[in-house]
Amino acid sequence: MHTPLRTCIGCRQVRPVAQLLRCRVAADHRPVCGRAADRVAGRSAWLCTGSQACLRSAVSRRAFERAWKRSVTTEMIDALGNEFAAAVHGHRGGHMEQLHAADEVGCSAGTKG
Ligand SMILES: [Zn+2]
């Protein structure tokens with residue numbers, strides 16, 4: 001087996017893709033991260049999963065503009081921050097939270113699969 005490696009655009013470390021989060025820009029110019037990004041065509045930017053430090057340093061160095069080869073607005077950066085946090089939450093504690101939420105909410109939290 002070989003593990004694909006990518007460079008985090010924040011800290012510039014080379015890591016296995018399993019430790020990184022893919023970020024892309026959807027057709028409507030909305031940034032998407034994680035699984036949602038897999039369904040979007042286009043250039044990928046990679047960040048260490050869950051690392052706000054890498055996200056911030058990528059933003060401040062305009063690494064997204066370079067990775068995506070397009071201009072990146074502050075609205076896109078805001079949306080990206082939300083997407084990034086959401087993707088990380090789904091990735092990490094999803095299982096436990098889901099069990100917990102199921103007690104209170106019943107049906108709406110279901111479709112994370
Ligand atoms: Zn990083």
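Predicted model: local features only at pLDDT ≥ 70, side-chain atom pairs only at ≥ 80, totals over all residues.
**Strand pairing**
- Strand β3 (residues 20–25) and β5 run antiparallel and are joined by four bridges.
- Within this pair, Leu 21 has Leu 47 of β5 as its bridge partner.
- In general, strands of a sheet pair through backbone hydrogen bonds, either parallel or antiparallel.

**Helix α2**
- Helix α2 covers residues 52–60, and Cys 54, Leu 55 and Ala 58 are buried in it.
- Seen down the axis of α2, these buried residues fall within an arc of 100°, so they line one face of the helix.
- An α-helix has 3.6 residues a turn, so residues three or four places apart point the same way.
- Ala 53 and Ser 60, on the other side of α2, are exposed.
- Arg 62 follows α2 and has a positive phi, near 55°.

**Nonpolar core**
- The largest nonpolar core contains 21 residues.
- The residues with the most contacts inside this core are Ile 9, Leu 21, Cys 23, Cys 33, Ala 45, Leu 47 and Ala 58.
- Two or more residues of the core come from each of β3, β4, β5, α2, α3 (63–68) and α4 (74–91).
- Leu 21 and Leu 47, listed among the core residues with the most contacts, are also the bridge partners named above.
- Ala 58 is likewise on that list, and is one of the buried residues of α2.
- Leaving aside neighbours within four places in sequence, Ile 9 is in contact with Ala 45, Trp 46, Leu 47, Ala 58, Ala 63 and Ala 67.
- In soluble globular proteins, nonpolar side chains tend to be buried together.

**Burial and contacts overall**
- Of the 113 residues in the protein, 25% are buried.
- Among contacts between residues at least 6 apart in sequence, 54% join residues at least 24 apart.

**Confidence**
- The mean pLDDT of the protein is 85, and 79% of its residues reach 70 or more.
- Over residues 92–106, pLDDT stays under 50.
- For residues 92–106, the model has six contacts beyond four places in sequence.

Conventions
Residues numbered from 1 in each chain as written. Buried ≥ 20, exposed ≤ 12 C-beta atoms within 10 Å, placed from the backbone. Contact = placed C-beta atoms within 7 Å. pLDDT = per-residue confidence, 0-100. Pairing = 2+ DSSP bridges. Arc of directions from axis to C-beta. Core = buried A, V, L, I, M, F, W, Y, C linked by C-beta atoms within 7 Å.
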